[in-house]
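Subject: Structure handover

Hello,

The structure is below, followed by what was found in it. Please read the notes alongside the model.

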Amino acid sequence: MLRTQTLYDRQIALFFLSVVPFTKFFTLPSLTAGISGNDMWISAILNLVLDIVTVLIVLSACKKSNVDFFGLIENIFGKVGGKIVLILYAIFFLLKGFIPICEQKDYVVLTMYLALPKIAMFLPFFVLAVYLCCKRLRVIGRLSDVLFIPTVIGFVLLMALTIPNLEMGALLPIGLSGAKNIFKASYSSLNWYGDCVYLLFFIGRFKREKRSNLKIIIAYIVAGLMVVVFSLFFYATFSSLAFRKKFALTEISKYTTVINNIGRFDFIAIFLILFSSAFATIMPIYFACMLLQRALPLKKHYIYPLILSLLIMILMFGLNEYFASLESFFTGIAGIIFLIFSNLLPIVLALSTGFRVPNNKRYRGDKDNSIRKRDGEINDNVGVDNGENFSIVKGGKQNEIQKD
Amino acid sequence: MKIYESLEKNRKFLTEKLNSDDVCFLDVLAGDKNALLIFVKDITDKESLGDLILRPLSRIEKLESELELKKYFINPERERLTDLSKLPDKIVSGTSVLLIDGFSFAYAFPLVKYEKRAITEPPTSTVIKGPREGFTECLPVNISLLRRKLKTPDLRFETLEIGEYSKTTVCLCYVKNIADKNLVKKLKAKLKTISIDAVFDSSYVSKFLGEHKTSIFKQVGNTEKPDVLSAKILEGRVAILVDGSPIALTVPYLLIEDFQSPNDYYASPYTATLARFLRVFAVALSTLLPAFYVSAQLFHLQVIPLAFLLTIVNSIKGIPFSPSYEMFFSLLIFEILNEASVRMPKYVGMVVSIVGGLVLGETAVNAGIISAPTLMIIALSGICLFTVPELEKTFGLLRLVFLIIGGSMGAYGILMTMALVLVYVVSFENYSTPLMAPFSPLIKKDFKDSIYKGFMSEMTLRPLSIRNANHVRIAPDSTNNEVNEKTSDKGEKNA
């Protein structure tokens with residue numbers, strides 16, 4: 001069976017760089033500031049360390065494996081058990097995506113539309129979600145290739161505008177809030193972190209080159225640093241009032257003198273970040289659709305994106321009044337679910353099969369469109385791969401065949 | 001259907017098929033035998049007819065075998081035909097056919113002579129430096145222009161006829177050792193499937209070549225310049241020339257192509273890079289500015305600096321339309337003026353620009369129908385889009401979509417529409433080539449000729465975004481003398 005390696009390590013690295021930071025810039029900073037105060041950045045570091053360790057283990061464990069995520073699940077849990085796990089994972093992704101979508105909706109409706117706060121203004125997000133969820137994983141890789149540009153520009157511009165207002169003294173003394181509050185803040189923000197789980201969908205599907213793991217890890221660390229820097233700047237700007245600033249993104253650069261003089265051109269940065277964050281927020285729905293399509297395949301691939309987007313939309317608008325209770329659930333008891341599915345399970349899955357996969361157990365039944373060789377399907381980097389060898393897994397032996 | 005030995009039977013068949021006043025049936029003698037020369041009067045070169053057919057015929061004294069005919073008719077383009085049913089098509093396409101009594105074959109002489117335009121500078125891509133010649137409507141002329149640029153036996157032309165009635169000659173052109181074989185094969189197959197009454201221009205063919213019928217983005221590149229086409233062919237593309245059209249098509253197509261002007265290759269790389277950045281910026285500005293302006297006015301007043309806001313407020317006082325209607329109608333008027341200026345005769349065009357641009361614009365502002373900033377934005381947006389004329393229609397359409405979204409949903413709607421367009425173009429492929437390459441997928445080596453224009457000596461490889469059979473454009477030894485010396489040293493040592 002021909003396995004086209006649909007992605008490149010560079011694309012995965014850029015994917016994390018574009019996706020990891022931006023769901024954490026809306027209400028999370030005020031939430032963690034409310035719990036761990038000036039040590040909120042330490043909480044962020046703790047979460048990021050956990051994620052980076054997960055990425056490191058998954059990458060190292062699956063280094064020699066040709067098996068992808070679905071293969072891993074099937075190998076461990078069997079066909080029926082595997083399907084159940086996939087459905088559970090899909091539910092987890094819906095849970096993971098719900099709060100970030102809600103807060104982005106609130107952000108858009110309440111801060112961007114001052115004159116006319118209408119919920120309908122957020123509907124294009126779901127159109128994008130449905131459209132993107134119908135696309136193959138390779139498109140996500142290609143998107144990452146371009147998405148990191150607005151990500152980096154937006155972030156750097158926003159931070160640069162924030163610098164004049166910083167009062168770094170507000171961050172001192174370090175550790176004032178105590179270890180308990182720092183850990184509590186970390187635990188409460190598990191919903192927003194745990195993006196390392198996305199890595200599961202890339203294993204076995206990207207072309208490993210020299211230092212692939214290093215590239216991905218570095219990208220994740222840089223993305224994590226962006227979150228830490230944002231947390232530091234956020235608290236250094238608002239100090240003890242930080243927990244009140246619900247929409248950190250708009251607030252953080254608002255008081256710069258330059259803006260007072262020539263208008264809010266920081267909105268350029270905010271728009272760029274919103275642009276990237278829309279993709280980041282859609283990712284859980286995307287992977288949920290992918291999982292459901294694999295567990296319970298449907299001929300029309302747009303059905304799941306449509307259903308899930310509608311479901312989230314209805315829940316979001318329906319549960320609008322109960323958002324506070326929902327948030328306390330997601331930052332409380334649900335933290336364990338996020339910890340299990342984002343960190344523990346990927347590590348267990350990778351460790352159990354990744355290092356050494358018996359040949360007879362190697363996954364073979366690949367029916368997914370995204371990795372099936374289709375007529376005219378090409379590998380990314382187009383001409384680069386002309387004549388390159390692609391691996392073929394047949395009877396447990398790895399042969400090399402010429403692509404064309 | 002074989003040609004009869006009897007001339008009368010052949011004449012009867014052909015008279016029935018070619019019952020038209022412009023077709024001439026000329027009875028002549030070929031030595032002691034009766035012969036019939038058939039040609040279309042208005043498209044045949046009479047001088048050549050006399051020199052190449054009638055004069056040799058008059059010299060024949062006695063005709064016994066085909067060998068004698070070959071002795072007299074030494075025209076290298078002469079063709080021997082045996083299928084009678086093919087003769088009518090040959091004749092109407094300008095071939096003169098000679099039938100001789102007692103011979104079951106015919107000689108065909110392509111003596112076609114159409115009136116053709118001289119080679120001039122193409123109006124769609126004028127250059128300051130560089131070659132000024134452009135393709136014409138005559139396919140042989142276009143082929144000769146290409147042959148003059150690429151004097152290699154690897155340059156291949158493969159012709160086929162498309163069009164049930166027009167029988168237009170379409171020519172596939174590529175360099176054998178560079179173009180991807182599969183692409184050539186695929187294109188040939190696709191061209192053969194085209195079933196249409198007539199092909200009057202290459203754009204007819206391009207509509208059939210696109211793999212996505214509903215796409216608003218271009219899927220086939222085009223050019224009117226032989227130097228540009230030669231360069232594209234050398235990058236691994238396949239060209240399609242159509243008889244009767246001065247525009248050559250190229251496949252595969254990348255979006256970045258249209259941001260590259262022929263001027264860039266004849267100017268300094270610094271100015272070329274700057275020009276390309278300007279083009280990208282101008283197109284982005286043109287597409288998004290009207291939409292963002294309207295959405296800022298309607299939904300996000302906080303984005304507009306106070307001083308500018310006051311100017312806007314003063315200028316929109318008394319305007320009866322909402323900002324979105326105002327912008328929409330202004331854009332509509334601009335598009336109408338644009339369309340009219342293209343269609344109208346040149347001498348009226350000046351009047352249109354004066355009436356449209358000056359009178360209509362200024363009067364509308366003075367009368368309080370349109371605000372001055374709106375008019376300025378429309379003008380700026382219109383001019384910006386013409387920096388890349390090839391994409392004017394596509395981005396003009398997108399501008400309208402963004403404007404409608406911006407006017408109804410504000411900046412977030414625009415951002416999401418931008419995201420949708422991005423997902424669309426990123427996933428878009430034609431002939432297995434991503435539209436957005438080399439940016440998505442990111443192909444670093446191709447950046448040397450993307451928005452950034454590198455030095456010619458740096459571009460040692462053909463674009464990797466396009467599948468081609470030979471990646472090396474400049475042999476390493478011609479650019480890197482040190483490497484060359486080292487390798488030669490090693491060679492000596494090994495020897």
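At roughly what angle do the axes of helix α4 (residues 69-112) of chain A and helix α11 (residues 266-295) of chain A cross? The crossing is at roughly 150°, and the axes come within 8 Å. Axes here are lines fitted to C-alpha atoms, for helices over the stretch in contact, with angles from 0 to 180 degrees between N-to-C directions. Because of that angle, α4(A) is roughly antiparallel to α11(A) (over 145 degrees counts as such). The contact between α4(A) and α11(A) involves 16 nonpolar, four polar and three charged residues. Ala, Val, Leu, Ile, Met, Phe, Trp, Tyr, Cys and Pro count as nonpolar, Asp, Glu, Lys and Arg as charged, and the others, Gly among them, as polar.

This is a predicted model: local features need pLDDT of at least 70, side-chain atom pairs count only at pLDDT 80 or more, and totals for chains, interfaces and linings use all residues. Residues are numbered from 1 along each chain as its sequence is written, while chains are lettered from A and ligands numbered from 1 in the order in which they are written.

Chain A has a mean pLDDT (the predictor's confidence in each residue, from 0 to 100) of 81, and 83% of its residues reach 70 or more. Over residues 357-404 of chain A the pLDDT is below 50.

The contact between the chains takes 38 residues from chain A and 39 residues from chain B (in contact: C-beta atoms, placed from the backbone, within 7 Å). On the side of chain A that touches chain B, 26 residues are nonpolar, five polar and seven charged.

Regards

Conventions: Helices (H or I, at least four residues) and strands (E, at least two) are DSSP runs, numbered from the N terminus. Angles under 35 degrees count as roughly parallel, over 145 as roughly antiparallel, 65 to 115 as roughly perpendicular and the rest as oblique. Two residues are in contact if their C-beta atoms, placed from the backbone, lie within 7 Å.
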